[in-house]
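Hi everyone, and thanks for coming.

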Amino acid sequence: MLAVKILLAEDVHMIRGALIALLELEPDLRVIASVDRGDKIVEAALASRPDVAVVDIDLPGIDGLTAAAELHQRLPDCRTLILTSLGRPGTLRRALASQVTGFLLKDAPPDQLAQAVRSVAAGRRVIDPQLALAAWDSPENPLSPRELEVLRLAARGADAAEIAGCLFLSQGTVRNYLTAIVTKLNARNRIDAVRIAEEAGWIP
């Protein structure tokens, strides 16, 4: 029986080692590459040609979902299983939009991880049932892609002038976007808007 070839992306060294050991206890699973940054995933995948990429959602460089979307474009035969410690419905929606095949919470039992890898490798979608139910019940993201870009930069501490420079907009336009964002989210201010969007999983 051919083993499922796995690429593992996890930035915490101890967790990465534990996951590799856990997966390699299974006779039909083999970790052939591991990385500690999101911006190393595609390069490592192109070099090693895994069947499944098991990717932590919170990675330095670029986040796991951004990397998963790029991986799907560059190596569509490689399926992606996202691991996260935060079961936010909006994050699940972003994962599905990034062509992720599986989405599993990190506190799932170890045997669920191995089974999820097998299912994803076989082309079946794997989603934590509690998270799927929460996503079904949660509101849709009311923000436009441009508003999300503005809010993402604001969440990193950028002021209106810095956001304007990054997105090639006028400061007045940026302030209009921020006002619209606060209004759409029924937030008290920009900080509250960031909190609401992060808790919903609309921005990483």
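**A first walk through the chain**

Let's begin with contacts: in the protein chain, among contacts with a separation of 6 or more, 64% are between residues 24 or more positions apart. Please keep in mind that this is a predicted model.

As for secondary structure, the protein chain has 10 helices and six strands. The chain is 204 residues in length, and 45% of them count as buried.

Now let me zoom in on one residue, aspartate 56. You'll find aspartate 56 in strand β3, which covers residues 52-56. Is aspartate 56 buried or exposed? Its relative accessible area is 4%, and under 20% counts as buried, so aspartate 56 is buried. And what does aspartate 56 touch, leaving aside residues up to four places away in sequence? Its partners are Ala9, Glu10, Asp11, Gly64, Leu83 and Lys106.

My last stop is helix α5, residues 110-121. From first C-alpha to last, the 12 residues of α5 reach 17 Å, close to the expected 16 Å. Which residues of α5 are buried? They are Leu113, Ala114, Ala116, Val117, Ser119 and Val120. In an α-helix there are 3.6 residues a turn, so residues three or four places apart point the same way. Just after α5 comes glycine 123, with a positive phi of about 90°.

Definitions and conventions
Residues numbered from 1 in each chain as written. Predicted model: local features only at pLDDT ≥ 70, side-chain atom pairs only at ≥ 80, totals over all residues. Heavy atoms only, no water. Helix = DSSP H or I, 4+ residues; strand = E, 2+ residues; numbered from the N terminus. Buried < 20%, exposed > 50% of the residue type's maximum accessible area, 1.4 Å probe, protein only. Contact = heavy atoms within 4.5 Å. Expected span 1.5 Å × (residues − 1).
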